[in-house]
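Please open the model in your viewer and keep the selection panel at hand. The tour goes from one selection to the next and says what is found at each stop.

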Amino acid sequence: MIRKPGKLPSKCLSHTYQLEYGTDTLQIHDDSIPRGARVLMLDDVLATGGTIDACCQLVEKAGGTVSACAFVVELAALGGRKRIERYETLSLIRY
């Protein structure tokens, strides 16, 4: 589970990333992913790609390998797929 700061109860790894209008930070428990584990990233919407890119970096920092990113909806005009092109990316609905 990846959340905003202060939402997880144990020791966490953090990643701060750039938004269009500032910065944000995400956290993951430092022991939540076994070294070398393959992880499917799943989110509801792919827009600009900033949040999922930060999540992927956190998973890798924790020792996992991102196998693919999957979304229910992709807002294609915002170009988020380009930001995570190093990963296989799937979306059920593209607008």
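Buried means under 20% relative accessible area, exposed means over 50%, and partly exposed lies in between, with a 1.4 Å probe and protein chains only. This is a predicted model, in which local features need pLDDT of at least 70 and side-chain atom pairs count only at pLDDT 80 or more, while totals for chains, interfaces and linings use all residues. Residues are numbered from 1 along each chain as its sequence is written, and side-chain values use heavy atoms, with hydrogens and water left out.

Select Glu 74 and Arg 81, which form a salt bridge (a side-chain nitrogen of Lys or Arg within 4 Å of a carboxyl oxygen of Asp or Glu), with their closest N and O atoms 2.7 Å apart. Glu 74 counts as buried because its relative accessibility is 2%, whereas Arg 81, at 27%, is partly exposed.

Next, select Arg 83 and Asp 53, whose side chains meet in a salt bridge at 3.7 Å, N to O. This pair links distant parts of the chain, 30 residues apart, with Arg 83 in helix H2 (residues 80–83) and Asp 53 in helix H1; helices here are DSSP runs of H or I with at least four residues, and strands are runs of E with at least two, numbered from the N terminus. Asp 53 is buried, with a relative accessible area of 9%, and Arg 83 is partly exposed at 34%.

Then select Lys 4 and Asp 24, where another salt bridge spans 2.9 Å, N to O. How many salt bridges does a search of the whole structure find? The search finds seven.
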